[in-house]
Amino acid sequence: MHHQLLSAAVLLAASAGGALANPGVPKGVDPKDAQLYTPTGSDQHFTCLTHPSITIPFSTVNDDYCDCPDGSDEPGTSACAHLPHTQLALKGFYCANQPGSISQYLPLNRVNDGVCDYEICCDGSDEYNHVGGLQCENRCKEIGAKVKQLLGERWKVRNEGGKKRADLIEKAKVMRGVLEAGLKQLEVVIEGLEKKHAGLLEEVKIVEVRERAKAVKASKKAEKTNIVREVAKQRIDELKVHLQKLRDDERDLRERLTEAEKILEGLKQTYNPNFNDEGVKGAVRKWDDYVAEGKSVARSDAEERDLDDLLNGEGIDWDKLMPAQEEEEEIQSIYRFEEYLPKNMRDWVRQKMDEGRKFLVDNGLLAEYIPPTTHEPKAVLDAKAAASAAETELTAKRNSLNNSKSELSKDYGPNEVFRSLKGVCIDRDVGEYKYEFCFFEKAYQRSLKDSSSSFLGDHQRIEIIPPSTSAAEQEEIFPCDDVDEAHEEKLSGWVLHYDGGSQCWNGPKRSARIELYCAVENVIRSVVETEKCVYTYEVGTPVVCEGEKSAEEKMGEQVRDEL
Ligand code: MAN
């Protein structure tokens with residue numbers, strides 16, 4: 001705690017012009033309070049300072065016996081040292097610390113305790129009883145000069161740190177401005193994207209309706225084609241039957257004609273021309289004419305083959321009657337009958353069909369079907385892809401908007417001074433570890449022996465302990481006289497908390513407490529594992545180099561003025 005104990009030593013140095021000890025004032029009392037220690041009344045009594053109902057003979061002041069409940073009757077002895085600090089009427093034993101330093105109060109229990117308390121009473125006045133022959137020489141000149149020099153150095157650090165802090169605040173302001181401008185721009189972009197996305201979703205609906213209508217139209221067209229095809233097929237089959245019948249009838253007739261020709265030819269050969277039978281003679285003449293005419297109803301072989309083909313084969317290439325290639329998709333859509341169904345029913349039907357198909361495939365009744373990636377027409381897919389691209393872009397922009405918003409609402413301390421330090425990392429080797437931490441991000445403990453490392457947590461919050469209530473402040477009333485130790489800048493009361501680190505074996509999750517003090521550069525002064533897996537860093541940073549000026553700072557300025 002030595003570094004926390006500087007302020008009183010600091011106080012020692014500030015003024016060479018303090019009040020001189022007044023021989024008329026009881027020991028341990030500041031001459032400024034002389035009027036409180038004047039005997040009163042004819043009986044020359046003393047009134048306890050905060051208990052006016054209690055009076056004692058003035059002669060009993062500093063008689064080494066504690067009479068007043070506030071210790072005010074024993075300002076120069078340790079008789080009332082047992083009383084709680086808060087109950088005391090005076091701050092302690094007053095040391096004038098002249099020449100070369102300033103007055104200070106020593107805790108009563110250290111008065112005449114056999115130790116020269118130079119850090120508070122550099123004049124040695126606290127050991128006036130010379131217990132065991134102890135002589136405390138006045139070292140105020142020497143100590144005061146040293147502290148004065150240190151104060152000068154400290155003032156320099158604080159002054160430089162303060163300037164850096166101002167720069168950090170300026171930078172943080174600029175960063176906020178940039179973030180805010182970016183946020184506004186993002187809001188505009190998002191508004192535009194939302195409209196674009198809504199438009200594209202509308203477009204998807206329109207294209208879906210249009211494509212479905214197309215599918216229905218196509219189905220109607222295909223339906224007609226099918227009907228025509230079926231009618232034509234039927235008609236052709238009928239014609240084939242008729243043709244076959246005609247061919248059969250023709251064959252019969254041809255046979256009968258051949259028979260009749262044979263009869264007539266026989267008649268011609270066998271009739272008696274000398275026999276005057278006009279009927280027979282006329283018939284023979286007509287036969288001769290008939291033969292001379294040479295009319296033949298016989299078909300060529302080629303004609304016969306054509307007829308055979310017509311009757312036996314398909315005769316018509318039905319594939320040629322199938323729709324053209326570019327219409328195929330439309331026509332196929334009529335087989336995807338589920339597209340005419342409402343969406344929920346469509347999904348159900350599709351699922352059932354898939355189940356049925358799977359059953360057939362599993363049982364070897366159907367070759368495995370590799371479904372096309374989608375049943376949707378290209379136009380719908382394109383519209384959906386455009387909408388989805390807009391949605392992806394919108395999501396990304398919304399995410400960065402949220403990031404910017406949360407970044408803007410994060411607590412970066414007074415004047416957002418820490419904003420400009422976010423992500424700045426520093427480290428220090430302590431013992432077998434390298435301790436790292438990044439402002440407002442993460443802290444680590446890395447082994448210097450191997451590559452192992454432990455996560456000490458993420459930044460959670462800033463705590464600012466007001467000086468008046470900080471434990472350090474309480475302790476500072478009674479500082480240490482080791483000036484070199486005291487040279488350390490005291491902690492500011494600002495603490496950064498890092499929590500949620502890696503689990504400690506048989507202990508809590510690791511966490512770190514970053515206690516800040518004023519320094520020109522960001523630096524880790526010390527790291528201590530204060531409890532198992534709880535680490536306390538002392539970190540110097542310009543961030544805490546300003547604020548309400550403390551008494552010691554004011555004195556620092558006084559020293560600066562004197563230098
Ligand atoms: C590691 C380090 C130590 C810690 C122990 C607890 O060795 O993180 O700081 O005390 O684990 O098991």
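In this predicted model, helix H2, which spans residues 140-270, packs with helix H4, formed by residues 301-312, at an angle of about 140°, and the axes of the two helices are 10 Å apart. Angles over 145 degrees would count as roughly antiparallel and those from 65 to 115 as roughly perpendicular, with the remaining angles between these ranges being oblique; H2 and H4 are therefore oblique to each other. The handedness of the crossing of H2 and H4 is left-handed.

Helix H2 also packs with helix H3, which comprises residues 278-293, and here the axes come within 10 Å and cross at roughly 120°. The pair H2 and H3 is therefore likewise to be described as oblique, and the crossing of H2 and H3 is left-handed.

Attention then turns to the ligand. The residues around the ligand are Tyr 433, Gln 445, Ser 454, Cys 504, Arg 510, Glu 529, Cys 533 and Tyr 535, and by residue class this shell divides into four nonpolar, two polar and two charged residues. Among the residues of the shell, Gln 445 has an N or O atom in its side chain that is 2.6 Å from an oxygen atom of the ligand, while a polar side-chain atom of Arg 510 lies 2.9 Å from a ligand oxygen. For Tyr 433, the corresponding distance between a side-chain N or O atom and an oxygen atom of the ligand is 3.3 Å. Taken on its own, the ligand has an accessible area of 310 Å², of which the protein covers 68%.

The peptide bond that joins Gln 98 and Pro 99 is cis, with an omega of about -5°, and Pro 99 has its place in the loop between strand E3, residues 93-95, and strand E4, residues 104-106. Glu 416, a residue other than glycine, has a positive phi, with a value near 55°; Glu 416 lies in the loop that runs between helix H7, residues 378-409, and strand E5, residues 425-430.

Terms used. Residues are numbered from 1 along each chain as its sequence is written. This is a predicted model: local features need pLDDT of at least 70, side-chain atom pairs count only at pLDDT 80 or more; totals for chains, interfaces and linings use all residues. Side-chain values use heavy atoms; hydrogens and water are left out. A residue is near a molecule or strand if one of its heavy atoms lies within 4 Å of it. A polar contact is a pair of N or O atoms within 3.5 Å; within protein, one must be able to donate a hydrogen and the other to accept it, and residues adjacent in sequence count only if both atoms are side-chain atoms. Accessible areas come from the Shrake-Rupley method with a 1.4 Å probe; for residues, only the protein chains shown count as cover. Ala, Val, Leu, Ile, Met, Phe, Trp, Tyr, Cys and Pro count as nonpolar, Asp, Glu, Lys and Arg as charged, and the others, Gly among them, as polar. Axes are lines fitted to C-alpha atoms, for helices over the stretch in contact, and angles run from 0 to 180 degrees between N-to-C directions. Helices (H or I, at least four residues) and strands (E, at least two) are DSSP runs, numbered from the N terminus. Angles under 35 degrees count as roughly parallel, over 145 as roughly antiparallel, 65 to 115 as roughly perpendicular and the rest as oblique. A crossing is left-handed if the near helix is turned anticlockwise from the far one by less than a right angle, and right-handed if clockwise.
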